[in-house]
Amino acid sequence: MDLLRLHVGRRVRERAAIPDRLSLGAVAPDPADSIRERSFKFGIQIEPSTRSMAYHTINGRSFDMSRIDERVTLGETEIWSFSNDKAFAHPVHLHGAHFRVLSRSGGRRQVMPWEGGMKDTVLVYPTETVRVAVRFSAHRGIFPLHCHNIEHEDMGMMLNVLVE
Ligand SMILES: [Cu+2]
């Protein structure tokens, strides 16, 4: 479908300059500093009686707002892996920290060119496992990790990370 047509009316001079440093604060976590690995499996729980989808899950569990699923220490670097062996793509989104995409196995089998910077979301296609280096360095508190497909999130594909 056509959404937009651009008509270039005249030529202009570009005066903007790219700064030498794009960010003053962000330091990518180094996977060599990792003190722990965690894995998160994004899946579906089938309701046996109806044989239809009941919940979207992470590590077999659907979201419970009152439950702490993971405890993380402020300032420590960890390696997390997100895996997906079901039919849907999951844009996995983390609050409270940015992460660095390290590798992708299965599926597309590579870190895509646009995944080189610090991220708060990474797309995990069916059959893929994506490994990231993450460090919560700014704030203590409870932060969610969830699929950013809102239908999946609302059907339970979310968990609580307590940073302490
Ligand atoms: Cu999803």
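I take a nonpolar core to be a set of buried Ala, Val, Leu, Ile, Met, Phe, Trp, Tyr and Cys residues joined through C-beta atoms within 7 Å. The model I am reading is predicted.

**Core**

I looked up the largest nonpolar core, which holds 25 residues. Which members touch the most others? They are Phe42 and Phe82. I then listed the elements that give two or more residues to this core: E1, E4 (77–84), E5 (90–94), E8 (121–124), E9, E10 (141–147) and E11 (158–163). E11 gives the largest share, four residues.

I followed Phe82 next. I set aside its neighbours within four places in sequence. Its contacts are then Phe40, Phe42, Val92, Val122, Val124, Thr129 and Val130.

**Sheet**

I traced an open sheet of six strands. Its order reads E2-E1-E4-E9-E6-E7, and the pairing is mixed. Which strands stand at the edges? I find E2 (52–58) and E7 there. Each has a single partner strand, so one side of each lacks a neighbour in the sheet.

**Pairings**

I checked the E2 end. E1 (residues 37–47) pairs with E2 in the antiparallel sense, over six bridges. Gly43 stands opposite Thr57 in E2.

I then went to E6 (residues 99–105). How many bridges join E6 to E7 (residues 118–119)? I count two, and the strands run antiparallel. Phe99 faces Lys119 of E7 as its opposite residue. E6 also pairs with E9 (residues 129–135), again antiparallel, through six bridges. There I noted Ser103, whose bridge partner in E9 is Arg131.

Notes: Residues are numbered from 1 along each chain as its sequence is written. This is a predicted model: local features need pLDDT of at least 70, side-chain atom pairs count only at pLDDT 80 or more; totals for chains, interfaces and linings use all residues. Two strands pair if DSSP finds at least two bridges between them. A residue is buried if 20 or more other C-beta atoms lie within 10 Å of its own, exposed if 12 or fewer, and partly exposed in between; C-beta atoms are placed from the backbone. Two residues are in contact if their C-beta atoms, placed from the backbone, lie within 7 Å.
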